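Hi everyone, thanks for making time today. Please have a look at the model on the screen, and then I'll walk you through a few spots in it.

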Amino acid sequence: MQQVSELLRIEGATKIFHMKPMLGAAHEVVALNNISLSIRPGKALAVVGESGSGKSTLGRAVARLFQLSSGTIAFKGRDIAGMRSHAEKLDYLRSVQMVFQDPFSALNPAHTIRHHLERPLMLHRKLRGEALDSAVQEVCSDVELDPAVTLEKYPHELSGGQRQRVNLARALAVGAELIIADEPTSMLDVSIRRSVLDLMRRMKETRSITFLYITHDIATAQFIADDIAIMYAGQVVEWGTPNLVISNPQHPYTKLLLSAVPDPAIKLDGTGAKSFASEAQAVRALARKASPEVMEVQPGHFVRKFDPI
Ligand SMILES: Nc1ncnc2c1ncn2[C@@H]1O[C@H](COP(=O)(O)OP(=O)(O)OP(=O)(O)O)[C@@H](O)[C@H]1O
Ligand SMILES: [Mg+2]
């Protein structure tokens with residue numbers, strides 16, 4: 001049944017990769033382990049976790065790049081795996097766009113920025129002539145790039161931040177409703193990361209674009225996210241509104257992530273520099289053991305039960 005309060009609902013999502021190496025024994029990687037999350041329309045969910053926690057796998061599952069081993073992903077109440085007709089699949093792939101870490105990866109070095117923005121507008125909105133030209137100018141301006149100096153340039157003539165803006169403009173041109181932004185600022189110069197995050201926040205606020213924002217950096221999540229989910233080893237260990245989770249972290253792994261943020265007020269309790277590595281290892285071992293039991297810390301803040309270390 002359609003639930004209007006959610007644009008996307010992920011229910012019990014599990015993804016197991018079966019590895020069959022040329023040498024050695026076959027084994028399985030549980031990249032997603034029974035994940036349930038939802039994203040409200042026009043809001044941003046930040047998925048935060050360290051390398052290998054399954055963030056990109058989750059993003060790729062939402063982008064319908066593979067099928068889940070079990071569980072469902074529903075977009076506007078419709079199971080995305082159950083979309084059969086070509087038109088329905090195309091419509092979904094238009095509505096959900098990915099922006100990647102490497103701003104170069106989705107741009108063709110042989111084409112101008114105008115070409116990159118024109119194509120989706122021609123393809124998806126069937127625009128031509130003057131209408132096409134003004135739509136190109138509009139999406140370019142929407143991402144705060146000056147059309148007069150940007151459109152005739154090639155990707156290599158832009159800065160990393162400008163290229164990422166072009167990628168966001170492309171998603172707008174296609175008509176995206178949900179943008180999966182997978183570490184979109186981590187390859188950018190520190191000085192411009194904030195401005196790209198600010199742009200995404202404005203896209204959310206003024207154009208009601210919904211974001212699945214993937215990051216290893218809990219600090220950046222605060223700028224854009226309305227909800228935050230902390231992932232480790234394919235599981236969500238703690239989730240809720242960012243201010244509640246960040247100001248009152250419950251799970252030792254959330255505390256570990258926060259301890260990497262340069263704020264002395266939120267250091268991991270009782271860890272000196274020497275004991276930090278072994279403590280971190282203990283926390284990871286703990287986080288790996290999923291408990292199906294969930295505690296509601298306070299309204300809007302949840303944590304999976306864990307044993308004391
Ligand atoms: N196609 C695949 N085949 C086999 N294993 C995979 C595949 N894709 C991901 N994995 C494994 O799934 C786990 C999660 O990977 P994923 O790329 O989702 O992590 P991540 O949180 O995005 O990490 P990073 O921060 O490094 O991008 C890892 O153990 C990874 O090796
Ligand atoms: Mg990743």
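This is a predicted model: local features need pLDDT of at least 70, side-chain atom pairs count only at pLDDT 80 or more; totals for chains, interfaces and linings use all residues.

Residues are numbered from 1 along each chain as its sequence is written, chains are lettered from A and ligands numbered from 1 in the order in which they are written, and side-chain values use heavy atoms, leaving out hydrogens and water.

Let's begin with helices. Two packed helices are described by the angle between their axes and the distance between the axes. Helices here are DSSP runs of H or I with at least four residues, strands are E runs of at least two, and both are numbered from the N terminus. Axes are lines fitted to C-alpha atoms, for helices over the stretch in contact, and angles run from 0 to 180 degrees between N-to-C directions.

How do α3 and α4 pack? Helix α3, residues 113–125, packs on helix α4, residues 129–142, at about 120 degrees, and their axes are 10 Å apart. That makes α3 oblique to α4; angles under 35 degrees count as roughly parallel, over 145 as roughly antiparallel, 65 to 115 as roughly perpendicular and the rest as oblique. On the α3 side, R114, L117, E118, L121, M122 and R125 meet L132, D133, A135, V136, V139 and C140 of α4, with contact meaning heavy atoms within 4.5 Å. By class, this contact has 8 nonpolar, no polar and 4 charged residues (Ala, Val, Leu, Ile, Met, Phe, Trp, Tyr, Cys and Pro count as nonpolar, Asp, Glu, Lys and Arg as charged, and the others, Gly among them, as polar).

While we're here, look at K126, in the loop between α3 and α4. K126 is not a glycine, yet has a positive phi of about 55 degrees. Is K126 buried or exposed? At 60% relative accessibility, K126 counts as exposed; the cut-offs are under 20% relative accessible area for buried, over 50% for exposed, and partly exposed in between, with a 1.4 Å probe and protein chains only.

Next, helix α6 (residues 160–174) and helix α7 (residues 190–207) pack at about 15 degrees, with axes 10 Å apart. They are therefore roughly parallel to each other. G161, Q164, R165, L168 and L172 of α6 make the contact with I192, S195, V196, L199, M200, M203 and R207 of α7. That contact has 7 nonpolar, 3 polar and 2 charged residues.

Helix α7 also holds L197, which counts as buried at 1% relative accessibility. L197 touches T185, Y213, T220, F223 and I224, leaving aside residues up to four places away in sequence.

Now for the rings. How many aromatic pairs does a search of the whole structure find? The search finds 4, where rings of Phe, Tyr and Trp (its six-membered ring) pair if their centres lie within 6.5 Å, and planes under 30 degrees apart count as stacked, over 60 as edge-to-face and the rest as tilted. One of them is F17 with F66, centres 6.0 Å apart and planes at 70 degrees, so the pair is edge-to-face. F17 lies in strand β1 and F66 in the loop between α1 and β4, so the pair ties together parts that are 49 residues apart in sequence. F66 is buried at 16% relative accessibility.
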